[in-house]
Amino acid sequence: MGVVDATKVMGKKWELQLTRQAYADALVELGEEDPRVVVLDADLAQSTLTRFFGEKYPHRFFEMGISEQDMVGTAVGLSHMGFIPFLSSYSIFLSGRAWDQVRNGVAYSAANVKIGAAHGGISVGKDGPTHQSMEDVGVIRPIVNFTVIVPCDYHETYKTTKWSARHEGPVFFRMGREKVPVITTKDTPFEPGKAILMEDGPDGTIIACGLMVAQALEAAEILRGRGIRPRVLNMHTIKPLDHEAVLAAARDTGAIVTAEEHSRYGGLGSAVAEVLIESDHRVPMKIVAINDRYLESGPPEDLLIMAGLTPQNVADALEGALRKGRK
Amino acid sequence: MPTLNLAPDAVFRMAQQIRLDVCLMTNLTNSGHPGGPLGMADYATWLFANVMDIDPKAARREPRDRFVLSNGHCSAYNYAVLCRRGYFPPKWLLRFRMSGSPLQGHPNMIYVPGLEASTGSLGQGLSQANGMALGARLKGQHDVRIYCNCGDGELQEGNIWEAVMTAAHYKLDNLCLLVDFNNAQIDGRVEDVMGIEPLGDKFRAFNFHVIETDGHDYGKIAAAYDEARATRGKPTVILFRTLMMKGVPPYEDNFKWHGKPLNDDELAIAMKALGFSGTKDELVATYEDWPTQPPKPGPIWAGAGAHH
């Protein structure tokens, strides 16, 4: 029913909440706190939930129609006038169709624009591959001046949104469509660029972002049943990446698996590998991500299974990496 | 001090100085785009001298009018006019497009005082100008006006028409779009490469107030800006009919000058046409002599400070 089936995928009951609701809630608060905050949407305000801001602050909400490129440019102009624009649409359109405007318009002038990319990853499900965004992190991450964040749940999305308003410079953060498990709390410390230790153990590390952090926690549960106690890192910030956390994981736990709802090219796995390859640590690593393929229309939980993004997949990957390390 | 309030002959001399700047800049760096800058020099210099409320001594003063060069490849014009308006010393112009220089091939607002946007990838400036116009309105800066300059070939970009819809939808009467309507782009005549006519009708259909006029006639240029300012409830576009490479008669109205720098022989012809009788070295020396603000009149722009 438009919800990732916790019993099917997670093996455990969690409270489920929308990350985009956190975005909407934080925006409404920001509207009150800072008159410079403005919001733009491209005919998806009902879906990205920016409509809540629009209803409360109609003069600071700009409906741009179905024109993502124009929306990005307009946000740049508003930022040049001293405003803090948040803009939203589906991630596939912002990172794809409007990439040039993001690169040359936002980033090159270091414009203070915040991109709240909704419906990222494959959890958009039934809309099919045209709307599934599995390349967004990979194409935004190389752009100079950008901070790229993939929050894992409601609270982290809320904190990301609030932090973005305080941060001077371009930010891209990605939310999913579905309700996802709430695995952090209001009080969990959140500092962009600093990974959160979700669980600790000596037997390899799972580094995950977004929806896959919950999957990683489930994978850890599975692994404990096999006598393996992994470390689990919530790597919400893909850029700048927490190098220290990656290097410590390699040094302390001997194997690394990354898990992301993204193509295996260019995302979290690539970012972590970039750090490891230039380090002195030679540890086995596996990337759990979408292999070079389009998925299809279907319930998100089915797509996660089809893409190989289940806790079982993550657990198996870490076990394989540890075995390889022992050889 | 909102404007310089120059007489037409003084604006003409300032424009001719800027044309000379552009020819020398592209010659020295052996790259860049002289054709568009020479074509837009009359109508845009009138704007910078006599229309826009700007302050070179306090470039970021609020409130102020803004100019967005959407066709960023005409950067040489923007740099030269900012320089002659007093934002930075003429010496800077000599290192256009060279390493270590703030004057990038296409403008970056972070490096150069007076630039209001970073542009270069075509079709994006009007969206940014719309954002500025919306922002000015939101800030209650009701007298602030936003000017955006586009090439006519640039209007082939889809993003422009998204932005045109936005400007009309939000009734941005504080926004004025200037089109350098020279019917020339890299691969040939605009009408041959990808026709944009009937351009005035297109803008009218998109709910713009449309002014079509001669981009080299100062009386008509001044009247067009006045009409744009007086227009309420909708944005204005001024279609300035211009000649690429205007001011150097042997090269006028020839699209090959879109992105071709002048070699030394061609520069000599241009200098002569623009009224400078010395050598290239003598011309370069005039820039070195002006290290600081405020700018002094150039060899051609003598008397430009005379107010009428």
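This is a predicted model: local features need pLDDT of at least 70, side-chain atom pairs count only at pLDDT 80 or more; totals for chains, interfaces and linings use all residues.
Residues are numbered from 1 along each chain as its sequence is written, with chains lettered from A and ligands numbered from 1 in the order in which they are written.

Chain A splits into domain 1 (2-12 + 188-326) and domain 2 (16-181), with bounds from an automatic or database domain assignment. Their centres, taken over C-alpha atoms, sit 25 Å apart. Domain 1 of chain A brings 36 residues to the contact and domain 2 of chain A brings 32; contact here is C-beta atoms, placed from the backbone, within 7 Å. On the domain 1 side, elements giving two or more residues include α10 (212-225), β13 (256-263) and α12 (268-277) of chain A (DSSP runs numbered from the N terminus: helices H or I, at least four residues; strands E, at least two).

As for the sheet, five strands of chain A form an open, mixed one in the order β9-β11-β10-β13-β14, where pairing takes at least two DSSP bridges. β9 (196-199) and β14 (285-290) of chain A are at the edges with a single partner strand each, so one side of each lacks a neighbour in the sheet. Within it, β10 (205-208) and β11 (231-234) of chain A run parallel over four bridges, and Ile206(A) has Val232(A) as its bridge partner in β11(A).

How values were computed. Two residues are in contact if their C-beta atoms, placed from the backbone, lie within 7 Å.
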